[in-house]
Amino acid sequence: LFATLMGPTLFWLLYPIGLNIAFIFTEICIHILRYLSFKFFVFPASKGYSVSIWRYGLSVLPLTLTTFVSMTVLHPFLDRLLISIVPALITIFIGFIWSRFVYLLKT
C-alpha cells in the first residue's frame, strides 16, 4: 500500500523535470521498496512463497511496461494529477495478481 501511494506522489513531485525521467526515477525507488516488502512481508518464505530478485524482476516487468506504455499514450490527454494516478491503478489491478502468480511458482 505504501509503494502504491508513494509512487504516484513521487512521480507527481518529479513530473516537472520530464515524464520519462520522473518515471524512471520513481520506478527505481519504488521497486527497491516493493522488493523488500514483498520478500519479507507480503510473500514470506514461511508461507511457501519464493521471492528472489529474479522473480521480482519477472513480476514487475509486465507491470512496468504496461505502466510506461499507458502513461506515454495517455500523457497528451491527461493532466499532471491524472497521469500520476495511472501507475497506482495499474499496480492495484494488475501488479498484485501477477505477483501472486509468479511467487507461487516452484522452481
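In the predicted model, helix α2 and helix α3 (residues 53-74) cross at roughly 150°, and their axes come within 11 Å. Because angles over 145 degrees count as roughly antiparallel, α2 is assigned a roughly antiparallel orientation relative to α3. The crossing of these two helices, α2 and α3, is right-handed. On the α2 side, the contact is formed by Leu19, Asn20, Phe23, Glu27, His31, Arg34, Tyr35 and Phe38. The α3 side contributes Ile53, Tyr56, Val60, Leu63, Thr64, Thr67, Phe68 and Met71. By residue class, the contact of α2 with α3 comprises 10 nonpolar, four polar and two charged residues.

Helix α2 (residues 19-42) also packs against helix α1 (residues 2-14), at an angle of about 155° and with the two axes 9 Å apart. The helices α1 and α2 are therefore roughly antiparallel to each other. Where α1 passes α2, the crossing is right-handed. From α1, the residues in contact are Phe2, Ala3, Met6, Gly7, Leu10, Phe11 and Leu14. Those from α2 are Leu19, Ala22, Phe23, Phe25, Thr26, Cys29, Ile30, Leu33 and Arg34. The contact of α1 with α2 is made up of 13 nonpolar residues, two polar residues and one charged residue.

Note on methods
Residues numbered from 1 in each chain as written. Predicted model: local features only at pLDDT ≥ 70, side-chain atom pairs only at ≥ 80, totals over all residues. Heavy atoms only, no water. Axes fitted to C-alpha atoms, helices over the stretch in contact; angles between N-to-C directions. Helix = DSSP H or I, 4+ residues; strand = E, 2+ residues; numbered from the N terminus. Parallel < 35°, antiparallel > 145°, perpendicular 65-115°, else oblique. Left-handed = near helix turned anticlockwise from the far one by under 90°. Contact = heavy atoms within 4.5 Å. Nonpolar A, V, L, I, M, F, W, Y, C, P; charged D, E, K, R; others polar.
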